[in-house]
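Biologist: Please show me the structure, and then I will ask about it piece by piece.

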Amino acid sequence: MVKAEIHCHIEGAADPNLVLRLAGKYGLNLDDTIRDGQYVWSDFTSFLNAYDRASAVFRAPDDYRLLSYDYFSRLATQGAIYGEVFGSSDHAALMGISYVDLVEAIAAGIEDARQDHGIEGRIIMTCVRHLGPEAAEAVANQVADNPHPMVTGFGMGGDERSFTAEDFAPAFAIAGDAGLGLTAHAGEFGGAKSVEDVLDHLGVSRIGHGVRSIENPALIERLVQEDITLEVCPASNIALSVYPNYQRHPLRQLVDAGVRVTLNSDDPPFFHSTLENEYALASQHFGFDQEMLDQCTRTALQAAFVDTATRARLMKRLDNST
Ligand code: ADE
Ligand code: ZN
């Protein structure tokens, strides 16, 4: 089955074995972060901390190239023809890697994976919400001042309970004016109001997660009317206890209400998931048949931050497979 995902954090996609290998190279002790080959964390805050500690092994552009190649190659072997990764120049900067070096390294990994596995990829540069609006604006300016054909989107991750969406309006305006596609995490640890705020102030066409929109029927209607695409990450939501189990997760209700949904792995090894697993979960727990799964892939390609010719080429690959 042909697949695509548009919501995965590059550092969050790092296989623990790769992280340990780089930790060995740099003489770093990650005993508190990876145990028995698995990331150690217990809630959203400790997850973000484990994520930051693991990210600190990517200390040279070539480490990011390796990570990018590893992620896109794995994705291709799961049947994916397209993937978008979130890059974070704030994480890279902490390790002394410049914006341009980061972008070129991730892009080189995508290019190599395309050559070897035929997968297409793009980069969404993200700001981190809990680092505040000034840091976000700095990221937006980096993106706008250093255009790169593979960086086609601007996004925001991190803790959506920090600051207000409106605080980030200047950053999103800079990125939007530079022609980038826009997405922001909301409706994961914040409720429907958090999604509404992002829609009101940031001009996004997509929402990262957005599942808690289900708490407000008027918002669901708005998502449908405004053609907003949700980047749903089922395994992530259960692992991080956004919902206690799949029975309580609103994925099926969102689809049935006519909301445009896609399936995504978010930070796959942290949640013991893969894109293939997300599609399997949709089938097992939410009763998605083949047509609905293909529609998720189609929606991802429709919402993808790519040029018209690339979208048409990807659509043709999907259509030829169904
Ligand atoms: N950064 C990495 N994964 C995230 C998530 N699930 N929510 C917010 N920020 C993140
Ligand atoms: Zn995410």
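Biologist: In which strand does Phe86 lie?
Modeller: A word first: this is a predicted model. The strand in question covers residues 80–88. Phe86 therefore belongs to strand S4.

Biologist: Is Phe86 buried or exposed?
Modeller: A residue counts as buried under 20% relative accessible area. Phe86 has a relative accessible area of 3%, so Phe86 is buried.

Biologist: How far apart are the C-alpha atoms of Phe86 and Gly157?
Modeller: Along the chain, Phe86 and Gly157 are 71 residues apart.

Biologist: What is the distance in space between Cys127 and Ala184, C-alpha to C-alpha?
Modeller: Cys127 is part of strand S5, residues 120–128, and is buried at a relative accessible area of 1%. In sequence, Cys127 and Ala184 are 57 residues apart. From C-alpha to C-alpha, the distance is 9.4 Å.

Biologist: Which residues coordinate the zinc ion (ligand 2)?
Modeller: The donor atoms lie at 2.1 to 2.2 Å from the zinc ion (ligand 2). Along the chain, the donors follow the spacing H-x1-H-x175-H-x80-D. The residues are His7 (NE2), His9 (NE2), His185 (NE2) and Asp266 (OD).

Biologist: Why is the arrangement of the 4 donor atoms around the zinc ion (ligand 2) called irregular?
Modeller: Four donors count as tetrahedral if all angles lie between 85 and 135 degrees. For square planar, opposite donors must be over 155 degrees apart and all others between 65 and 115. The arrangement is irregular because of the angles that the 4 donor atoms subtend around the zinc ion (ligand 2), which are 88 to 173°.

Biologist: How many residues apart in sequence are the parts that His9 and His185 tie together?
Modeller: His9 is in the loop between strand S1 (3–5) and helix H1 (16–26), whereas His185 is in strand S7 (residues 181–186). Both are buried: His9 has a relative accessible area of 10%, and His185 one of 6%. The pair therefore ties together parts whose separation in sequence is 176 residues.

Biologist: How much of ligand 1 does the protein bury?
Modeller: The residues around ligand 1 include Phe44, Phe47, Tyr51 and His209. Nitrogen atoms of ligand 1 lie 2.8 Å from a polar side-chain atom of Asp266 and 2.8 Å from a side-chain N or O atom of Asp267. Taken alone, ligand 1 exposes 260 Å², and the share buried by the protein is 96%.

Biologist: What is the phi of Asp266?
Modeller: Asp266 sits in the loop between strand S10 (260–263) and helix H12 (275–286). At 3% relative accessibility, Asp266 counts as buried. Asp266 is a residue other than glycine, yet its phi is positive, near 65°.

Biologist: Does Phe163 count as buried, partly exposed or exposed, and what is its relative accessibility?
Modeller: Phe163 is in the loop between strand S6 (151–157) and helix H7 (169–177). Its phi is positive, about 55°, although Phe163 is not a glycine. Phe163 counts as partly exposed, with a relative accessibility of 44%.

Technical notes:
Residues numbered from 1 in each chain as written. Chains lettered and ligands numbered in written order. Predicted model: local features only at pLDDT ≥ 70, side-chain atom pairs only at ≥ 80, totals over all residues. Heavy atoms only, no water. Donors = N, O, S within 2.8 Å, 3.2 Å for Na, K, Ca; no water. Tetrahedral: all angles 85-135°; square planar, octahedral: opposite > 155°, others 65-115°. Helix = DSSP H or I, 4+ residues; strand = E, 2+ residues; numbered from the N terminus. Buried < 20%, exposed > 50% of the residue type's maximum accessible area, 1.4 Å probe, protein only. Near = heavy atom within 4 Å. Polar contact = N/O pair within 3.5 Å; in protein donor to acceptor, adjacent residues only side chain to side chain. Areas by Shrake-Rupley, 256 points an atom, 1.4 Å probe, with all protein chains shown as cover.
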